[in-house]
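Hi everyone, thanks for making time. I'd like to walk you through one protein and look at a few of its contacts together.

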Amino acid sequence: MGKINTKVTDSVNFFMGNKPADLTAKYGSPLYVYNEKILRERCRDIKNLVTYPHFSINYSAKANSNLAFLEIVREEGLNVDAMSPGEIFVELKAGFKPEQIFYISNNVSKEEMQFAIDHNITISVDSLSQLEQYGQLNPGGKVAARFNGGIGAGHHEKVVTAGKKTKFAINPENIPEFKEILKKYDLKLVGINQHIGSLFMDGSKYVEGVKAILHIAKEFDNLEFVDLGGGFGIPYEKLNDQPRLDLASLGKELDEVFKEFAAEYGREITFKVEPGRYISAECSVLLGTVHAIKHNHEDKYAGTDIGFNVLQRPIMYDSHHDIEVYNDSEKIEDITVVGNICESGDIIAKHRMCPEMHVGDTIGVLDAGAYGYCMASNYNNRLRPAEVLIRENGEVQLIREKDKLEDLLKGMKGLND
Ligand code: LLP
C-alpha cells in the first residue's frame with residue numbers, strides 16, 4: 001500500500017488478491033480486466049444523483065457494450081441508450097426491454113430506422129430531413145428529437161457535440177418547420193434530448209446546457225421526457241490526486257432546476273441523463289507486457305503490447321491514462337511508453353515519470369473501461385484482447401475471448417473460394 005507502482009489499484013482493492021501477471025499468463029496479454037464491484041458502485045452514484053422522483057439513467061452503451069457488462073448495468077436498474085441497430089441488438093440480448101432503450105439516431109438509413117420501429121424502440125431524430133423520413137415510415141407514431149441548445153463542452157474538439165461547430169442536432173430556429181413536419185405526419189413528440197459533449201469535470205457547463213434545453217422544451221406541450229445527455233467526467237490523473245466531479249453539488253443544482261421547470265411546465269415530466277464514461281471507465285485496467293526497453297537519442301522507451309489497436313484514446317485525442325507498473329522498482333524515471341503498431345504515433349504515454357520498467361514486467365493502463373475495448377480494432381492484423389471480470393467474491397470470469405488468428409479471415413473470400 002502507498003507505493004506509487006500500485007497506488008491507485010490498491011486504494012480500491014481493484015485486483016482483489018489476483019496478481020496482474022497471473023491474469024495475463026492465463027488469459028493472454030494485453031487484457032482488459034473489469035471489477036464488478038466498482039462498476040456497480042458507479043451505477044449507484046448516478047442513480048442517487050438527484051432526489052427528483054421522475055429520473056431515469058440511460059447508460060450510454062457506446063462506451064462499453066460487453067454483454068456481461070450490460071447485464072450488470074441492467075441489474076442495477078439503469079436503462080440504456082443506443083447509437084445503432086448493433087447496440088440495440090446487444091442490449092436486447094442483455095435483457096433490456098424495448099421501453100428501456102432510447103435510440104439516438106444520427107443520419108441513418110430507412111432500413112435502420114425501420115429496425116428500431118419494428119422493435120418498438122423510441123427514436124430520437126437529429127435533423128428535419130430525418131424527421132421527414134421517420135414520418136414517412138411511421139405516420140401517427142411517437143418520436144423524440146435532438147436539439148442544439150448552443151452550449152458545448154468536452155475534453156477535445158472531436159467530442160464537443162453542441163454549439164456552433166457540430167454536425168449534431170436541430171437548431172431551435174428550425175422549430176416552426178419542425179412543428180410543420182410533426183403535423184404533416186401526425187407525429188407525437190414525446191421527448192427532446194441533447195448531449196453537449198464528453199467529459200466535464202465542473203458541473204456548471206452541464207447545468208448551463210440543461211437550462212438551455214429546458215428553454216427549448218417550453219416550446220412543446222405534452223412532452224413526457226427531456227434527456228439531458230451524458231459527459232460526466234472521471235479523474236484520469238489519479239496519480240496526481242485529481243479531484244472527482246462533485247456529483248453532490250451538481251445533483252443539488254439539477255434538483256432545483258427540475259423543480260422549477262416542473263412548476264412552470266405544469267407537470268413533473270421525466271428527466272433522463274446518459275452517462276457512458278462515468279459508469280464504465282474506472283472499473284477497468286488494461287494490462288500489458290513490456291517486451292523491449294531502449295534508448296533512442298535522448299529518450300528512453302518501454303515497448304509494450306498495448307498498441308493503439310487495443311486502446312485508441314491516446315492517439316485519437318491525446319488522452320492521458322495513468323500507468324501502474326507491477327514490479328518492486330523504487331526508482332522513478334522519465335519514459336515514453338509505446339505499443340507494437342507500425343506507426344510513430346503509437347504512443348500510450350509520452351515522457352511519463354514511471355517506476356523503472358524491465359522486459360517482462362506487467363503494466364496497467366488505468367481507467368480503460370470507457371471507449372477502450374469498443375474502439376479496439378484488428379489494425380496490423382493484431383488480435384483484440386480478452387476481457388475478464390473480477391466478480392464481487394474475487395473470482396475471475398472470462399467475459400470475452402481473445403481473437404483467434406482464424407477470426408482475421410472471418411467473412412473474407414480468397415479469389416478461388
Ligand atoms: N449521449 C450521446 C448522444 C453521446 O453522443 C455520448 C457520447 C454520450 C451520451 C456519452 O458520453 P459520456 O458520458 O461517455 O461522455 N470516444 C471518446 C468519447 C466520445 C463520446 C461520444 N458521445 C473518448 O474516448 O473520450
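So, to start: in which segment does Ile-4 lie? It's in the segment before α1, the helix at 7–11. Keep in mind that we're looking at a predicted model. Ile-4 has a relative accessibility of 36%, so it counts as partly exposed. Together with Ile-332 and Met-353, Ile-4 forms a nonpolar patch on the surface, and the three have about 270 Å² of accessible area together.

Now, on to charges. Side chains of opposite charge can pair when their charged atoms come close. Searching the whole structure turns up 22 salt bridges. Let me show you a few.

One of them joins Glu-76 and Arg-40, at 2.8 Å from N to O. Glu-76 sits in the loop between α4 and β3, while Arg-40 is in helix α3, so this pair ties together parts that are 36 residues apart in sequence. Both Glu-76 and Arg-40 are buried. They also belong to a network of salt bridges, whose members include Glu-36, Arg-44 and Arg-391.

Next up, Lys-300 and Glu-333, with their closest N and O atoms 3.0 Å apart. Lys-300 is in strand β11 and Glu-333 in strand β13, so the pair links parts 33 residues apart in sequence. Here, too, Lys-300 and Glu-333 are buried.

Then there's Glu-264 with Lys-218, at 3.3 Å, N to O. Glu-264 is exposed because its relative accessibility is 55%, and Lys-218, at 41%, is partly exposed.

Last, two helices: α6 and α7 pack at an angle of about 55°, with their axes 10 Å apart. That makes α6 oblique to α7, and their crossing is right-handed.

Note on methods:
Residues are numbered from 1 along each chain as its sequence is written. This is a predicted model: local features need pLDDT of at least 70, side-chain atom pairs count only at pLDDT 80 or more; totals for chains, interfaces and linings use all residues. Side-chain values use heavy atoms; hydrogens and water are left out. Patches are made of residues with over 30% relative accessible area and no salt bridge: like charges are joined within 9 Å, nonpolar side chains (Val, Leu, Ile, Met, Phe, Trp, Tyr) within 5 Å. Accessible areas come from the Shrake-Rupley method with a 1.4 Å probe; for residues, only the protein chains shown count as cover. A salt bridge is a side-chain nitrogen of Lys or Arg within 4 Å of a carboxyl oxygen of Asp or Glu. Helices (H or I, at least four residues) and strands (E, at least two) are DSSP runs, numbered from the N terminus. Buried means under 20% relative accessible area, exposed over 50%, partly exposed in between (1.4 Å probe, protein chains only). Axes are lines fitted to C-alpha atoms, for helices over the stretch in contact, and angles run from 0 to 180 degrees between N-to-C directions. Angles under 35 degrees count as roughly parallel, over 145 as roughly antiparallel, 65 to 115 as roughly perpendicular and the rest as oblique. A crossing is left-handed if the near helix is turned anticlockwise from the far one by less than a right angle, and right-handed if clockwise.
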